[in-house]
Amino acid sequence: RDCLLSRGLGDVYKRQLIGNLFLGGGISLSTIFTISSFGYLASVLEYVFKTGYQFITGDLMFFTGLGVLNIGNQGGFINSFLTGIDVFAFWRVYLIAVGFSLAYKKPFNFSLGILCGLWLFGLIFFSALGAFFANMFS
C-alpha cells in the first residue's frame, strides 16, 4: 500500500509540475489531486471490465488497445508501445485535460494537446526503457 500511495502522490506532483510549467498557472496541490482523482475514475471501469473478463475466460492476456495486434516480441519496444495505446489510458488523459482546461482557464484543445503530447512522450520513453532492460537481461 505504501508503494501505491507514493506512486499516486508522485503522479499528482508530476501533474502539478506539468500544469504549472506548460499551462502557466499556480494551481494548488489539492486542486490537482481532485483533477487526478476525477481522471482516474476511468480506471475503475477498466479494472471491473478486465477483471470480469479474466475471471470468466481464465485468460490473463487481455488488451483494450492496440496490444491486441500482438506485433513484435513481448517486452520489445513496439509491443510495449502499442500495448500502452489503450482506450482507457486515453480516456484518463481526456478527463484530466477537461479538468486542466477548467482549472487553468485554457482552451480544451490546448490542454488536450499538451497532455497527449506528454503522454505519448512518456509512452515512447518508458517503452524504450523497458525494451532496453528486457534485452539487457535476456
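1. Let's start inside. The largest nonpolar core has 15 residues, and Phe 100, Tyr 104 and Leu 115 touch the most other members. A nonpolar core here is a set of buried Ala, Val, Leu, Ile, Met, Phe, Trp, Tyr and Cys residues joined through side-chain atoms within 4.5 Å. Buried means under 20% relative accessible area, exposed means over 50%, and partly exposed is in between (1.4 Å probe, protein chains only). Two or more core residues come from each of α2 (29–39), α5 (87–104) and α6 (108–136). The largest share, six residues, is from α5.

2. A word on what you're looking at. This is a predicted model, where local features need pLDDT of at least 70 and side-chain atom pairs count only at pLDDT 80 or more, while totals for chains, interfaces and linings use all residues. Residues are numbered from 1 along each chain as its sequence is written, and side-chain values use heavy atoms, with hydrogens and water left out.

3. Now the overall layout. The protein chain has six helices and zero strands. Both kinds of element are DSSP runs numbered from the N terminus (helices: H or I, at least four residues; strands: E, at least two). Of the 138 residues in the chain, 33% are buried. Looking at contacts (heavy atoms within 4.5 Å), residues 24 or more positions apart account for 56% of those with a separation of 6 or more.

4. Have a look at Thr 64, in the loop between α3 (41–57) and α4 (77–84). Is Thr 64 buried or exposed? Thr 64 counts as buried, because its relative accessibility is 13%. Leaving aside neighbours within four places in sequence, Thr 64 is in contact with Phe 49, Lys 50, Asp 86, Val 87 and Phe 88. With Asp 86 there is also a side-chain to side-chain polar contact, at 2.2 Å. A polar contact is a pair of N or O atoms within 3.5 Å; within protein, one must be able to donate a hydrogen and the other to accept it, and residues adjacent in sequence count only if both atoms are side-chain atoms.

5. Gly 113 and Ala 97 are 16 residues apart in sequence, and their C-alpha atoms are 8.6 Å apart in space. Leu 129 also lies in α6. Leu 129 is partly exposed, because its relative accessible area is 33%.
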